[in-house]
Amino acid sequence: MPDLTQIVFGVIALAMVVAAVAMVQTRNVVHSAYWLFANAVLTAAIFGMLHANYVAVIQLLVYAGAVAILTIFTVMLTLRHPDFATRPREFNLFSLLLAGALLALIVLALFTSPEITQQQVQEFPGVREFAIKMFAPDGWALPFEIASLILTAALITAVMWTHQLSKRRPVKKNYRSKGNEE
Amino acid sequence: MTVPLNAYLILAAVLFTIGLYGALSRKGAVLVLMSLELMSMAVTINLVAFSSFVTPIDMTGQFFTIFAMVVSAAEVAIGLALVVAIFRTTATIELDDLDELKG
C-alpha cells in the first residue's frame, strides 16, 4: 500500500503528463497557453514536495506569473482573427518516434545506473539559509549580479524590437500562404 | 518507502520528450516557444530533485534552478518580442511561410 507521499506524487505527476500532452496536441492556441500555465503551477507543487520552498515560490512568480502571461499576450497580439485560434491538426510521426527514442534512452540510462538514496537530514534548509548562501561573497552573489544584467539586457532588447515610436512600415510582400487568405 | 529519485527523473524525462515533440511538430512560432518552456521546466525539476537527494544542505541544484529560470525568462521575453516584431512586418507567424532564407 503506497503511503501518502507516493499517492500525492502520483497524482501530481499524472496531472503534469496529461497537461503536457494536452498542450502539444490541442488545436486551439489559447488552450495551449492555459495548459502551459497548469504545468507551471504543478511544477511548483513538485518543488514543494522536494522541500525547495523558495524555488517553488519563484517558479510561481516567474513561470506562472510572467512567462505564461507573456505567451498569452503574444498569442493575443499575433492572432489576425479569433477564428484563426483553431489551427489544423499538426502531427509529425518522425518527431514522435524521435521523442520516443530519446525517452527510451533516458529511461534505460536511469535503470542501469547506480541508485542514489536520499541523504538523511534533520530538516531541510529554509529560505533564510538560501538567502545567506545566495548573497555570500564566496557564495552565489556574482552569478546573481550577472543574471540581473542578463535580464536587463533582455528586457531592453524586447522593448527595442517592439516599440512603435516611428511610423509603421507597410507589409511589403504577401507572406500568407494560400490557406489563410480571407 | 517514500518517493525515490528515479521517479522524479522519469517524470522530468517524460515532460522533456513531450516538449521536444511539441517543439518539433508545431508550426506556429509561439507554440514552439511554449514547448521550449516545457522542456526548460523539466530540466529544472531534474536539478531540484538532484539537489534534494544529493546535496540537501548546500542546495546547489536550487541555485542552478534560479539562474536557469532567469535565463529562460529572458529567452522567452526576447523570443516573444521577436515573434511580435515579425508579425508586425510580415503579418504571419507560421513557420512554413517565413522561408525567405531558404536556399
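Leu42(A) touches Ile12(A), Ala15(A) and Met16(A), leaving out residues up to four places away in sequence; contact here means heavy atoms within 4.5 Å. Leu42(A) belongs to helix α2 of chain A. Helices are DSSP runs of H or I with at least four residues, and strands are runs of E with at least two, numbered from the N terminus.

The model is predicted: local features need pLDDT of at least 70, side-chain atom pairs count only at pLDDT 80 or more, and totals for chains, interfaces and linings use all residues. Residues are numbered from 1 along each chain as its sequence is written, chains are lettered from A and ligands numbered from 1 in the order in which they are written, and side-chain values use heavy atoms, with hydrogens and water left out.

Chain B and chain A meet through 77 residues of chain B and 85 residues of chain A. Interface size is often expressed as the accessible area lost when the parts come together. Here the buried area is about 7700 Å², and carbon and sulfur atoms give 75% of it. This area is what two parts lose in accessible area (1.4 Å probe) on being put together, summed over both.

Between chain B and chain A, 14 residue pairs are in polar contact, both residues being at pLDDT 80 or more. A polar contact is a pair of N or O atoms within 3.5 Å; within protein, one must be able to donate a hydrogen and the other to accept it, and residues adjacent in sequence count only if both atoms are side-chain atoms. On the side of chain B that touches chain A, the elements giving two or more residues are α1 (5–25), α2 (29–54) and α3 (60–90) of chain B. Helix α3(B) gives the most, with 26 residues. By class, this side of chain B has 52 nonpolar, 17 polar and eight charged residues. Ala, Val, Leu, Ile, Met, Phe, Trp, Tyr, Cys and Pro count as nonpolar, Asp, Glu, Lys and Arg as charged, and the others, Gly among them, as polar.

The largest nonpolar core has 66 residues. Such a core is a set of buried Ala, Val, Leu, Ile, Met, Phe, Trp, Tyr and Cys residues joined through side-chain atoms within 4.5 Å. Buried means under 20% relative accessible area, exposed over 50%, and partly exposed in between (1.4 Å probe, protein chains only). The residues with the most contacts inside the core are Phe9(A), Met16(A), Ile46(A), Val55(A), Tyr8(B) and Leu15(B). At least two core residues come from each of α1 (4–25), α2 (29–49), α3 (53–77), α4 (93–111) and α5 (127–135) of chain A, and from each of α1, α2 and α3 of chain B. Helix α2(B) gives the most to this core, with 13 residues.

Val55(A) has contacts in both chains. Residues up to four places away in sequence aside, Val55(A) touches Phe47(A), Phe130(A), Val48(B), Gln62(B), Thr65(B), Ile66(B) and Met69(B). Ser35(B) sits in helix α2 of chain B. Its relative accessible area is 1%, so Ser35(B) is buried. Apart from neighbours within four places in sequence, Ser35(B) contacts Met23(A), Val24(A), Gly19(B), Gly22(B) and Ala23(B).

Over all chains, the structure holds three salt bridges. A salt bridge is a side-chain nitrogen of Lys or Arg within 4 Å of a carboxyl oxygen of Asp or Glu. Two salt bridges are counted between chain B and chain A. Arg26(B) pairs with Glu90(A), the closest N and O atoms being 3.1 Å apart. Arg26(B) lies in the loop between α1 and α2 of chain B and Glu90(A) in the loop between α3 and α4 of chain A, so this pair joins two chains. Both Arg26(B) and Glu90(A) are buried. Arg87(A) and Glu94(B) also form a salt bridge (3.1 Å, N to O). This pair crosses from the loop between α3 and α4 of chain A to the segment after α3 of chain B. Arg87(A) and Glu90(A) form a salt bridge as well (2.7 Å, N to O). Arg87(A) is buried at 9% relative accessibility, and Glu90(A) at 11%. Arg87(A), Glu90(A), Arg26(B) and Glu94(B) are linked in a network of salt bridges.

Positive phi values occur at Met59(B), near 55°, and at Ala91(B), about 60°. Met59(B) lies in the loop between α2 and α3 of chain B and is buried at 1% relative accessibility. Ala91(B) lies in the segment after α3 of chain B and is buried at 12%.
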